[in-house]
Amino acid sequence: LEAAMSFSPEWLALREPADIRARNAEVLQRVAHYCSGIERPRIVDLAAGTGSTYRAMAAHLPPGQVWRLCDYDAGLLAEAKKLLPEAAIETMQVDLFKDLGMALDPRPDLVVTSAFLDLVSGDWLDRLIAELAARKLPFYAALSYDGRAACDPPHRGDKAVIEGVNRHQKTDKGFGPALGPDAAVEAATRLRAAGFAVAEGRSDWQFTQQEGLVQSMIIDGWAQAAYEIEAVEDELLSDWAGFHMTRIADGNARIMVGHIDLFAVPA
Ligand SMILES: C[S@@+](CC[C@H](N)C(=O)[O-])C[C@H]1O[C@@H](n2cnc3c(N)ncnc32)[C@H](O)[C@@H]1O
């Protein structure tokens with residue numbers, strides 16, 4: 001759940017432990033089971049960043065995997081190349097808004113993505129589903145934001161700020177008006193309507209009080225989004241941010257951010 005359109009490798013690295021912990025084990029197990037009979041499976045990772053999904057999944061899939069990591073950010077793909085075994089990955093720099101088909105051909109055995117569907121528009125999601133259906137491709141989408149977010153301890157500004165963040169999430173992130181908090185529900189609903197069998201489960205970020213840096217970056221991002229979208233008066237926003245930053249610095253804060261994982265298999 002980010003306000004910005006570009007993603008630094010530092011931020012992706014910071015969120016990765018929470019992502020790995022949050023991934024829904026049952027959904028991941030279904031993907032693993034589906035792939036268990038496939039020799040040397042070929043996997044396409046849409047908006048792969050630095051390869052977080054590879055690190056979360058590789059151990060659950062058969063050996064000899066070949067991954068095609070697709071992203072439009074050359075810097076993130078270069079970082080992925082440094083971090084991952086050379087024989088297991090190829091990278092493709094591609095703007096998925098323009099050239100989605102390029103990423104999906106030649107046909108892989110599985111398409112995956114994570115922390116991405118909330119950035120795309122409903123129209124683009126429909127295009128993706130049509131391309132998946134045409135190729136009869138199974139699709140694992142992890143960590144789509146679902147609009148739920150909460151801070152413990154709470155502040156009187158939380159509701160208005162989070163509502164503002166959710167509105168900001170719906171602004172254009174390069175794919176037309178983004179689904180933002182509706183991404184998780186829309187993806188499952190539209191995949192089912194297209195004839196996919198969909199399994200889904202929660203994959204919420206549940207931070208611990210010790211995770212100060214990542215939580216402070218979330219508050220920072222939310223404050224910026226709330227400011228840009230004029231969610232609350234400046235005075236309340238700075239009181240809100242100060243309150244949460246102090247609790248985080250004192251080791252007393254736990255933020256929750258709701259996500260959904262899904263695995264969709266074509267009929
Ligand atoms: C929140 S990050 C998730 C990265 C990775 N999947 C992970 O879980 O760490 C979103 C990713 O979408 C990529 N992205 C955004 N718009 C894109 C586009 N139009 N084409 C390709 N990649 C895009 C960004 O570069 C970034 O790597």
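E230, E233, D234 and E235 form a negative surface patch in this predicted model. One of these residues, E235, belongs to helix α10, which covers residues 234–249.

**Negative patch**
- The patch brings together the acidic residues E230, E233, D234 and E235.
- E235 is classed as exposed because its relative accessibility is 69%, and exposed residues are those over 50%.

- In soluble globular proteins, nonpolar side chains tend to be buried together.

- A salt bridge joins the side chains of R254 and D152, with an N to O distance of 2.6 Å.
- R254 is in strand β8 (residues 254–265) and D152 is in strand β5, so this pair ties together parts that lie 102 residues apart in sequence.
- Both partners are partly exposed: R254 has a relative accessibility of 42%, and D152 has a relative accessible area of 34%.
- The side chains of E90 and R68 also meet in a salt bridge, at 3.5 Å from N to O.
- This second pair links distant parts of the chain, with E90 in strand β3 (residues 89–93) and R68 in strand β2 (residues 66–71), 22 residues apart.
- The two partners fall into separate accessibility classes: E90 is partly exposed, with a relative accessible area of 38%, whereas R68 is buried, with a relative accessible area of 10%.
- R68 counts as buried because its relative accessible area is 10%, and the class is defined as under 20%.

**Salt bridge within a helix**
- E163 and K159 form a salt bridge in which the closest N and O atoms are 3.1 Å apart.
- Both residues lie in helix α7 (residues 158–169), where 4 residues, about one turn of the helix, separate them.
- K159 is exposed, with a relative accessible area of 61%, while E163 is partly exposed at 44% relative accessibility.

**Salt-bridge network**
- D105, E131 and R135 are linked in a network of salt bridges.

Definitions and conventions:
Residues numbered from 1 in each chain as written. Predicted model: local features only at pLDDT ≥ 70, side-chain atom pairs only at ≥ 80, totals over all residues. Heavy atoms only, no water. Patch = residues over 30% accessible without salt bridge, like charges linked within 9 Å, V, L, I, M, F, W, Y side chains within 5 Å. Areas by Shrake-Rupley, 256 points an atom, 1.4 Å probe, with all protein chains shown as cover. Salt bridge = Lys/Arg side-chain N within 4 Å of Asp/Glu carboxyl O. Lys, Arg positive; Asp, Glu negative; His and termini not counted. Charge placed at Lys NZ, Arg CZ, Asp CG, Glu CD. Helix = DSSP H or I, 4+ residues; strand = E, 2+ residues; numbered from the N terminus. Buried < 20%, exposed > 50% of the residue type's maximum accessible area, 1.4 Å probe, protein only.
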